[in-house]
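Please consult the sequence and the three-dimensional view shown below.

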Amino acid sequence: LTPAGQELLPLARRMLAALAEGSEVLTALKQQGEGMVRIAAVTAAISGFLVRALPAFVQAHPQLQVQVRECDPEQCGLLLARGEVDLVLCRAPESEPAGARFTPLIMDRFVVACGNTHPLAGKRSVRWSVLARQRWLLSPVGSAARDRFDQMFTQAGQHPPASALITRVSALTWAMLDAQPLVTLVPFGVVRQLVDAGQLALIEPQPALHFVPLGTLMPTTGVTTAMQTVTDFLDRFAAGPECAP
């Protein structure tokens, strides 16, 4: 491609993706479906909520198509503003983007995750002075978990030993915690699916560390019947026993 072509390539790709999504919407209408809803969600919303909510939704509304894509927290407002998705599941923003509103669904908290064979696996009310003696798998600088980790141990004047690997990729986190006696500070929503499956264990720190809730970010206008059906179901599901911490 020429330099001009390189500049236009991302736009062309977005246009083709939009055309493909439009084709799927029309196909759903032809098949007398209820429409389609495009969802973007952060990792914690997927692992901590959607993995349980969406199977139940699909069973209750088989005629409504749902597309889900994972996104970074920084992309949430941009994807919605561009019209690339219909709603976003994310953390409560510091300020709501123009033309959008946030509705909290489930609360979250920071936990310390580890492998099932770690000596502290399953322990509750473990003080931070004890956790300071463990070897840590750290998240990247700038992430919410890393900021809270640095805050806790800087205030205490402690510097726990750390692994040479720094990541917040879920698959790598699981592999490292499973292979080595490491611990990591992470939002419960991020690891809930692995904990429920028995692949990771939790250590509940004392004092506990609360985190901002997860919820839906959606436009204030142009809400379709399909979008309302999805959000109403998610609201009800979040209030049910399936989402108990």
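How many bridges join strand β1 to β3, and do they run parallel or antiparallel? Three bridges link β1 (residues 35-41) to β3, and the two run parallel.

## Basis of the model

The model is predicted: local features need pLDDT of at least 70, side-chain atom pairs count only at pLDDT 80 or more, and totals for chains, interfaces and linings use all residues. Residues are numbered from 1 along each chain as its sequence is written, and side-chain values use heavy atoms, leaving out hydrogens and water.

Helices (H or I, at least four residues) and strands (E, at least two) are DSSP runs, numbered from the N terminus; strands pair if DSSP finds at least two bridges between them. With β11 (residues 209-219), β3 pairs in the antiparallel sense over four bridges, and R91 faces L214 of β11.

Five of the five residues of β3 (residues 87-91) are buried, so the strand is largely enclosed by the rest of the structure. Buried denotes under 20% relative accessible area, exposed over 50%, and partly exposed in between (1.4 Å probe, protein chains only).

## The loop residue A92

A92 is located in the loop between β3 and β4 (100-114). Its relative accessible area of 26% makes A92 partly exposed. Leaving aside residues up to four places away in sequence, A92 touches F102 and P213 (contact: heavy atoms within 4.5 Å). A92 and T225 lie 133 residues apart in sequence and 24 Å apart in space, C-alpha to C-alpha.

## Residue L11

L11 belongs to helix α1 (residues 3-30). L11 counts as partly exposed because its relative accessibility is 40%.
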